[in-house]
Amino acid sequence: MVLARVRRVLTGGRTRRPARIAVAGSHLTAALAPAGLVVVLLACWEVYVRLGSVNPLILPPPSAIARSVYDDRGLLWSNFTVTAGEALGGIGLALIAALGLAGAIHFSRSLRRAVYPLLIGSQAIPLVLVAPLLSAWLGFGLAPKLAIVVLVSFFPILVATLDGLAATDPDLVKLVRTLGATRWQAFARVEAPNALPGVFTGARVAVVFALIGAFLGEWSGASRGLGLLVEQAIPQLQTARAAAAVTLLAGFALLLFGGLGLAERRLLPWTLAAAR
């Protein structure tokens with residue numbers, strides 16, 4: 001027991017707890033700062049509407065939106081599950097397609113010269129024009145929503161993955177090739193792991209676009225979903241319900257964004273060490 005205490009003292013064991021407390025305090029401060037800002041903005045919004053500066057039917061106060069979230073929770077949830085399923089399914093398809101094409105482009109310079117400019121040009125096409133056409137071509141079921149989500153989610157993942165592959169140290173690739181690794185083995189063991197942070201970065205951007213795409217796809221034609229719910233609520237002056245639906249969608253986007261960040265920290269701890 002005495003030796004253990006002496007060892008902790010000699011190795012600086014007593015200094016670890018304050019350091020951990022300081023780190024926890026910094027994380028708590030970082031979390032409280034945006035929360036405090038949100039509270040202030042919501043309070044200003046509430047006061048602005050209650051002072052009669054704007055009609056509550058045009059701009060509902062946060063209290064009315066919160067009340068609608070509770071009162072319409074069954075309706076909101078049933079439509080939310082539809083939109084969330086469309087977004088998650090589209091993100092999954094976009095991830096598979098983007099990673100596959102990124103690997104092919106990385107291996108083939110001629111393919112990069114042929115395909116990459118077309119992909120960049122495709123991002124300039126307004127989605128509001130494409131969405132109705134996809135609904136007309138594919139019907140009003142799940143297919144056009146998935147197609148729209150893939151279109152808006154595909155490019156961020158592709159670009160971030162290609163940047164991650166290109167950032168691999170070429171000397172490290174040469175080293176493993178010198179040690180007898182094949183081109184595929186060098187890619188799988190060196191280049192692909194180096195691109196994983198880029199994949200997570202692209203996925204975090206893509207989840208936000210995916211929810212917007214699913215929402216817009218439902219505006220173009222759907223039988224259920226938050227997009228349809230908002231489209232029906234606004235002409236009926238149920239703006240609190242429409243705002244509640246948008247709030248639910250924004251909360252889900254934050255949850256996905258934070259979940260991907262947590263997954264990256266768990267799966268790729270070396271990226272945190274490099275950032276420090």
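Guide: Here we take some labels one by one and set each against its definition. This is a predicted model, where local features need pLDDT of at least 70, side-chain atom pairs count only at pLDDT 80 or more, and totals for chains, interfaces and linings use all residues. Residues are numbered from 1 along each chain as its sequence is written, and side-chain values use heavy atoms, with hydrogens and water left out.

Visitor: Why are H5 and H7 called oblique to each other?

Guide: Helices here are DSSP runs (H or I, at least four residues), numbered from the N terminus. The axes of H5 (residues 109-122) and H7 (residues 142-166) cross at roughly 140° and come within 11 Å. Under 35 degrees counts as roughly parallel, over 145 as roughly antiparallel, 65 to 115 as roughly perpendicular, and the rest as oblique. So H5 and H7 are oblique.

Visitor: And what makes H9 roughly antiparallel to H11?

Guide: Their axes, lines fitted to C-alpha atoms over the stretch in contact, cross at roughly 165°. That angle is why H9 is called roughly antiparallel to H11.

Visitor: Which residues of H9 meet H11?

Guide: Contact means heavy atoms within 4.5 Å. On the H9 side, Pro197, Phe200, Ala203, Arg204, Val207, Leu211 and Phe215 take part, and their partners in H11 include Leu249, Phe252 and Glu264. The residues of this contact divide into 14 nonpolar, one polar and two charged. Ala, Val, Leu, Ile, Met, Phe, Trp, Tyr, Cys and Pro count as nonpolar, Asp, Glu, Lys and Arg as charged, and the others, Gly among them, as polar.

Visitor: What makes a group of residues a nonpolar core?

Guide: The members are buried Ala, Val, Leu, Ile, Met, Phe, Trp, Tyr and Cys residues, joined through side-chain atoms within 4.5 Å. In the largest one, which has 24 residues, Leu211, Leu226, Ala245 and Phe252 touch the most other members. H11 gives the most to this core, with eight residues. Leu211 touches Ala87, Leu249, Phe252 and Ala253, leaving aside residues up to four places away in sequence. A second, separate core has 14 residues, including Leu119 and Leu158.

Visitor: Why is Ala43 called partly exposed?

Guide: Buried means under 20% relative accessible area, exposed means over 50%, and partly exposed lies in between (1.4 Å probe, protein chains only). Ala43 has 40%, so it is partly exposed. You'll find Ala43 in H2 (residues 16-50).

Note on methods
Axes fitted to C-alpha atoms, helices over the stretch in contact; angles between N-to-C directions. Helix = DSSP H or I, 4+ residues; strand = E, 2+ residues; numbered from the N terminus.
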